Amino acid sequence: MTKDRMKFGAAHLEVTHKEKSLWFYRDIIRLQLRKENGYLAMGTDTETLVIRRTNGYP
């Protein structure tokens, strides 16, 4: 018998304070900053779990 598997993609969140969000997800939740180029991509070594962007920064 094979087990069914479910995999979730990245969560997309709109934030108003880039620095506060980065601090929370990096220092409290312990996600790694994977990319910062007009948005913040947070996650693990192999998976992007959170992408955050706002109209407040490019």
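**Close-up views of a predicted model**

**View 1. Strands S2 and S3 pair in an antiparallel arrangement, with 4 bridges between them.** The structure shown is a predicted model. The two strands, S2 and S3, form a hairpin, and 3 residues lie between them. Within the turn, glycine 38 has a positive phi of about 85 degrees.

**View 2. Strand S3, residues 40–43, is covered on both faces.** Leu40 and Met42 lie on one side of the strand, and Ala41 and Gly43 lie on the other. All four of these residues are buried.

**View 3. The largest nonpolar core contains 6 residues.** Its members are Leu22, Tyr25, Leu31, Leu40, Met42 and Val50. Helix H1 and strand S3 each supply at least two residues of this core. Which residues does methionine 42 touch, leaving aside those up to four places away in sequence? Among them are the core members Leu22, Tyr25, Leu31 and Val50. Methionine 42 also touches Arg26, Gln32, Leu33, Arg34, Thr48, Leu49 and Arg52.

View 4. Why does isoleucine 29 count as partly exposed? Its relative accessible area is 43%, and the term applies because this value falls between the limits of 20% for buried and 50% for exposed residues.

Definitions and conventions
Residues are numbered from 1 along each chain as its sequence is written. This is a predicted model: local features need pLDDT of at least 70, side-chain atom pairs count only at pLDDT 80 or more; totals for chains, interfaces and linings use all residues. Side-chain values use heavy atoms; hydrogens and water are left out. Buried means under 20% relative accessible area, exposed over 50%, partly exposed in between (1.4 Å probe, protein chains only). Two strands pair if DSSP finds at least two bridges between them. A nonpolar core is a set of buried Ala, Val, Leu, Ile, Met, Phe, Trp, Tyr and Cys residues joined through side-chain atoms within 4.5 Å. Contact means heavy atoms within 4.5 Å.
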